[in-house]
Amino acid sequence: MDRIGVIGGGLMGSGITEVCARSGLDTVTVEVSQEAAQAAEAKVRGSLERAVSRGKLSEEDLAGALDRITFTTDLGRLGDRDLVVEAASEREDVKLDLFRTVGALLEKDDAILASNTSSIPIVKLGAVSGRAANVMGVHFFNPAPVMQLVELIPSLTTSPETLERMQTFVAKTLGKQPIEATDRAGFVVNSLLVPYLLSAVRMYEAGYASAADIDNGMVLGCGHPMGPLALSDLIGLDTVRAIGISMYDEFKEPLYSPPPLLDRMVDAGLLGKKSGQGFYPY
Ligand code: NAI
């Protein structure tokens, strides 16, 4: 698989675009508007430039990677792709629409349509795609160019060949470490992580401790690289909330339900790092 499509050029889509282009793959990234496409390009360029300044990438490889990427607003450009990774906003209606449309326009019978969703059932995306055997979850972590883990999520209808091809692609072509998870909200990592993040928000909301003290507690006391509130800001508070809601819908476990403060912050547009303000200013 060497012709890749990425849908969405936000936090994750821009990172996945960079990972694919740095692996030598021809990559087409689709956004909703010209401004969003330009913003995605700026994110990828900025990240590649940081890699150069840290000595992790040569100027030549930066230029090569950018040459391999096309940013567009035209979903039709995905027709000739071998693999499309959908990384649009975490909204079921948006993703169902995309899987319906893109499932129909992929030209190759064995083209794979994968979703980077954190919590939406993969089986639902497969069902509307018209190519359910070739649909699965491929869940990267933020920042995608740095984090080694990729969760692979076959659904009830994914074929063993699709899973096998993705395992090879992730491990050999992208050089990342795949683990396999079942198509249940949260997969492996978020099932463990999100209740912890929501508990930290609840603790802060109840006035147990300041945001900085909660985070320092986990950084200095448990050796975590980042505290739970700073990590929530990095992930995006809307995304943390959406994952909590999906996990609560599936399991009815109260600890998965987002606390009121998180709802209010998202309603206010305080989404964390990407909006400039969350539990901390950026
Ligand atoms: P984001 O809000 O940064 O980016 C989403 C992008 O999708 C936006 O730029 C938006 O314009 C674009 N978009 C929306 N509808 C579209 C459409 N119809 N066609 C093309 N582009 C469209 O969100 P983020 O954080 O990048 O999340 C994307 C996906 O990745 C979500 O499914 C999320 O659950 C998942 N994810 C997020 C992680 C995180 O740490 N934020 C980690 C792993 C997965």
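**Around the ligand**

Guide: Sorted by class, the residues in the shell around the ligand are 13 nonpolar, twelve polar and three charged. Keep in mind that this is a predicted model.

Visitor: Okay, which residues come nearest to the ligand?
Guide: Of the 28 residues around the ligand, those are G8, G10, M12, S118 and N142. As for elements, α1 (11-22), α4 (92-105) and β6 (135-140) each give two or more residues to that shell.

Visitor: And which element gives the most to the shell?
Guide: That's α1, with three residues.

Visitor: Switching topic: what are the domains here?
Guide: The domain assignment gives domain 1 (3-180) and domain 2 (189-274). Their C-alpha centres lie 26 Å apart. Each domain supplies at least three residues to the shell around the ligand.

Visitor: How many residues are in contact between domain 1 and domain 2?
Guide: Seven residues of domain 1 are in contact with eleven of domain 2. On the domain 1 side, the touching residues are two nonpolar, three polar and two charged.

Visitor: Now the whole chain. How many helices and strands are there?
Guide: The chain has eleven helices and eight strands. Its C-alpha trace spans about 55 × 45 × 35 Å along the principal axes.

Visitor: What does the radius of gyration say?
Guide: A compact globule of 282 residues would have a value near 19 Å, and the chain has 19 Å, so the two agree.

Visitor: How much of the chain is buried?
Guide: Of its 282 residues, 45% count as buried.

Methods
Residues numbered from 1 in each chain as written. Predicted model: local features only at pLDDT ≥ 70, side-chain atom pairs only at ≥ 80, totals over all residues. Helix = DSSP H or I, 4+ residues; strand = E, 2+ residues; numbered from the N terminus. Rg over C-alpha atoms; globule rule 2.2 N^0.38 Å. Buried ≥ 20, exposed ≤ 12 C-beta atoms within 10 Å, placed from the backbone. Domains from an automatic or database assignment. Contact = placed C-beta atoms within 7 Å. Nonpolar A, V, L, I, M, F, W, Y, C, P; charged D, E, K, R; others polar. Near = placed C-beta within 6 Å.
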